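This briefing covers a predicted model of a single chain.

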Amino acid sequence: MKIWIDADAAPNDVKTIIFRAATRLNIETILVANQRIAAPANATTVRSVVVREGADQADRYIVKHGEPMEIAITADLPLAGDLVEKGLLVIDPRGEEYSIANIASRLSMRNFMDELRGTGMVTGGSAPYGDKDKKAFAATFDRLLQKGIRHFAKQANAE
């Protein structure tokens with residue numbers, strides 16, 4: 001089992017939560033970005049992958065290497081859609097889980113908002129990342145982590 005982080009825009013609070021869990025549970029965690037993202041020295045299961053410069057290179061890397069039931073953290077909805085389609089457990093930094101049941105509507109809303117912005121309409125931005133977001137992320141991450149662990153334990157026992 002692996003945890004994939006679309007690391008360019010992941011808040012530090014999110015990375016801290018993930019690093020603690022990865023270290024405690026000995027789960028390989030990969031930070032993917034187009035620049036080096038340092039992991040804490042005590043997080044021996046965390047590594048950084050630097051992809052070449054260019055749009056969506058980190059996304060392509062995660063899609064190529066991620067496996068079903070692994071966990072991915074991203075705020076990028078098109079990437080989330082690709083990962084959900086591939087069978088990964090996907091969560092955004094604010095604690096929203098993306099799934100087959102909700103990803104199409106989320107992508108549709110994103111595209112609609114992009115169209116509005118393209119016409120010059122001011123649509124506002126995201127609220128600042130805060131404690132409520134951090135708690136929501138931690139709760140959803142823990143739930144998905146347990147789901148992934150159970151899946152891989154069952155798979156290992158079957159072999």
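Six strands form an open sheet with mixed pairing, in the order β3-β2-β1-β4-β5-β6. Its edge strands are β3 and β6 (97-98), each of which pairs on one side only. The chain holds five helices and six strands, and from the N terminus on its elements run β-α-β-β-α-β-α-β-β-α-α.

**Strand pairing**

- Strands of a sheet pair through backbone hydrogen bonds, in either the parallel or the antiparallel sense.
- Strand β1 (residues 2-6) and strand β2 run parallel and are joined by five bridges. Within this pair, K2 has E28 of β2 as its bridge partner.
- β1 pairs with β4 over three bridges, in the parallel sense. I3 stands opposite I71 in β4.
- Strand β2 (residues 28-33) is largely enclosed by the rest of the structure, because five of its six residues are buried.
- In a regular strand the side chains alternate between the two faces of the sheet.

**Helices on the sheet**

- α1 lies across β1, β2, β3 and β4, and runs at about 150° to β2.
- α5 packs on the sheet as well, where it touches β1, β4, β5 (89-91) and β6. The direction of α5 makes about 175° with that of β5.
- Helix α5 spans residues 131-158 and includes D133.

**Packing of α2 and α3**

- Two packed helices are described by the angle between their axes and the distance between the axes.
- For helix α2 (residues 57-65) and helix α3 (residues 77-86), the angle is about 5° and the axes are 10 Å apart.
- That angle makes α2 roughly parallel to α3, since angles under 35 degrees count as roughly parallel.
- On the α2 side the contact is made by D59, I62, V63, K64 and H65, and on the α3 side by L79, D82, L83 and K86.
- By residue class, the contact of α2 with α3 divides into four nonpolar, one polar and four charged residues.

**The loop between α2 and β4**

- P68 is found in the loop between α2 and β4 (71-73).
- P68 counts as partly exposed because its relative accessibility is 39%, a value that falls between the limits of 20% for buried and 50% for exposed.
- Leaving aside neighbours within four places in sequence, P68 is in contact with K86, G87, L88 and F152.
- P68 and L89 are 21 residues apart along the chain, and their C-alpha atoms are separated by 7.6 Å.
- M69 has its place in the loop between α2 and β4 too. Its phi is near 75°, a positive value in a residue other than glycine.
- M69 is buried, with a relative accessible area of 17%.

**Other individual residues**

- N26 lies in the loop between α1 and β2, and its phi is near 60°, which is positive in a residue other than glycine.
- Is N26 buried or exposed? With a relative accessible area of 60%, N26 is exposed.
- D133, in helix α5, is buried, with a relative accessible area of 15%.
- Which residues does D133 touch, not counting those up to four places away in sequence? They are P93, R94 and P128.

**Chain totals**

- Of the 159 residues in the chain, 38% are buried.
- Among contacts in the chain with a separation of 6 or more, 54% are accounted for by residues 24 or more positions apart.

How values were computed. Residues numbered from 1 in each chain as written. Predicted model: local features only at pLDDT ≥ 70, side-chain atom pairs only at ≥ 80, totals over all residues. Heavy atoms only, no water. Axes fitted to C-alpha atoms, helices over the stretch in contact; angles between N-to-C directions. Helix = DSSP H or I, 4+ residues; strand = E, 2+ residues; numbered from the N terminus. Parallel < 35°, antiparallel > 145°, perpendicular 65-115°, else oblique. Contact = heavy atoms within 4.5 Å. Nonpolar A, V, L, I, M, F, W, Y, C, P; charged D, E, K, R; others polar. Buried < 20%, exposed > 50% of the residue type's maximum accessible area, 1.4 Å probe, protein only. Pairing = 2+ DSSP bridges.
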